[in-house]
Amino acid sequence: MMLLKFRHQLSFESVCREVADSISWQRFCRISFGSRVPHPTTLMKITSRCGDVAVTGLNQALLAKAVEAKLVKTDKVRADTTVVEADVSYPTDSGLLAKGVTRIAATIARVKAVGEAVSTIVRYARLHPTAIAQKVRVVIEHFRRNVMDMLGGEARAMVVTSSRVEALSWSKKMNDYLAVKGYDDMSTLVAFSGSLTDEDTGESITEVSLNGRSDVARAFREEDAYRVLIVANKFQTGFDEPRLMAMYVDKELSGVATVQTLSRLNRTYPGKTAPMVVDFRNSPASIEEDFKLYYSDAHVEGDVDPNALYTIGDRLDTADLYSRDEMDAVADAFLAEAGGESIAKVLSPIKNRWSGRLRQAVLSEEKTKRQELEYFRADVLGYRNAWQFLSQIVDYQDPDLHRRAILTTLLARNLHVDADEYDDSYL
């Protein structure tokens, strides 16, 4: 510490303060991390005891040795201290404002540069073949499981993309997937305006050259083989195909474009009840907000967690209102089409157990117990609704999820909080 004081021309108080504030100086002085730094008076006593001459001589010798070993650089610096007369520029409001504008403009330029880079990365990820291939798998399997056989086997679907490049990529990946899977009972069409260059072949691509059809809308309507239409800024308004049962959205929608695009599903057709939308890009909140501009009672349910079935299922199974054997008995009777009486026979113990405990909780004014039973009913309804939606998108391989879905679908009709009337329509 005495060498640091001498080398940097510090006072006793300053050198102690600097050492206490610097880990590297503490290590130089061999002071363990966390240990106390000597007080300035301690250094003063050492100097007084040894004498200023001895301490100064020792420090000079140590510094010379360090310079010789090239541990310390002692380059000389020459400074020109000549005083030159110059005007003093005092800050003004306009000058400060100008500097502020310059700084803000520079900051905005940097933010834009970062934003453009991020946009490029996002666009690259969105257009990456793997990302599109994963969406293609979801679309085709969902369509085949849930849509294709509707309307007497004539149901159609539309894939909405953001650009011609994306539409071309979707077309290639969908055709590849159909070929690999051997799905020869359906084909795709692509609709876009103008032309683009295929990055893989370098050829100029148009709607006609890609489809081999001069009238895409007519081919989609009249030729049964074409079940999926991939569009890019085309046919999102004014297109009238009443057999359109599903829409797969891979494009950001806003304002009137949201309403116009999704309304392609609104055309009536015999047997058409519940068109489906699978959206890869937009949030339920944004869709609802856009529709509210035109429909005051518009409502969109929030996101559904694919793991919700397992979460709710665990709560149902541990509520002590049915056993595994009882759930299997209900599911087996339903799957075997055993008839309404057989189903009612295996379902009644669960239904009566719940309603009996609810009556007892009401009579004894056990609020906690009644709340637990009402929560069970809410979970039954929640599981049924989640299954109806998620099973269309996710190919669950767990048979227990399906069996529990059968149980909750039947129970949902028969668990009533305020009445003893039950729905026996399944009989």
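Colleague: Is Glu365 buried or exposed?

Modeller: In this predicted model, Glu365 belongs to the loop between helix H16 (340–363) and helix H17 (367–393). Its relative accessible area is 69%, and since the cut-off for an exposed residue is over 50%, Glu365 counts as exposed.

Colleague: What is the phi of Glu365?

Modeller: Glu365 is not a glycine, although its phi is positive. The value for Glu365 is about 55°.

Colleague: Where does Arg30 lie, and what is its relative accessible area?

Modeller: Arg30 is a residue other than glycine with a positive phi, near 60°. Its place is in the loop between helix H3 (23–28) and helix H4 (40–50). Arg30 is exposed, and its relative accessible area is 70%.

Colleague: Which residues are buried in helix H2, and which helices do they pack against?

Modeller: Helix H2 spans residues 12–21, and within this helix Phe12, Ser14, Val15, Cys16 and Val19 are buried. The packing partners of these buried residues are helix H1 (2–8), H3 and H4.

Colleague: How many aromatic pairs are there?

Modeller: Rings are taken as a pair if their centres lie within 6.5 Å. By this rule the count of aromatic pairs is five.

Colleague: Why is the pair of Trp170 and Phe280 tilted?

Modeller: The ring centres of Trp170 and Phe280 are 6.4 Å apart, and their planes stand at 45°. Planes under 30 degrees apart would count as stacked and those over 60 as edge-to-face, so with its angle of 45° the pair of Trp170 and Phe280 is tilted.

Colleague: How many residues apart in sequence are the parts that this pair ties together?

Modeller: Trp170 lies in helix H9 (residues 164–181), whereas Phe280 lies in the loop between strand E7 (276–279) and helix H13 (284–292). The pair therefore ties together parts whose separation in sequence is 110 residues.

Colleague: Which residue has its charged end over the ring of Phe220?

Modeller: Phe220 is linked by ring pairs with Phe235 and Phe239 into a cluster. The charged end that sits over the ring of Phe220, 5.9 Å from its centre, is that of Arg156.

Colleague: Which residue lies over the face of Tyr183?

Modeller: At 3.8 Å from the ring centre of Tyr183, the residue lying over its face is Arg144.

Technical notes
Residues are numbered from 1 along each chain as its sequence is written. This is a predicted model: local features need pLDDT of at least 70, side-chain atom pairs count only at pLDDT 80 or more; totals for chains, interfaces and linings use all residues. Side-chain values use heavy atoms; hydrogens and water are left out. Rings of Phe, Tyr and Trp (its six-membered ring) pair if their centres lie within 6.5 Å; planes under 30 degrees apart count as stacked, over 60 as edge-to-face and the rest as tilted. Helices (H or I, at least four residues) and strands (E, at least two) are DSSP runs, numbered from the N terminus. A charge sits over a ring if NZ of Lys or CZ of Arg is within 6 Å of the ring centre and within 35 degrees of the ring normal. Buried means under 20% relative accessible area, exposed over 50%, partly exposed in between (1.4 Å probe, protein chains only). Contact means heavy atoms within 4.5 Å.
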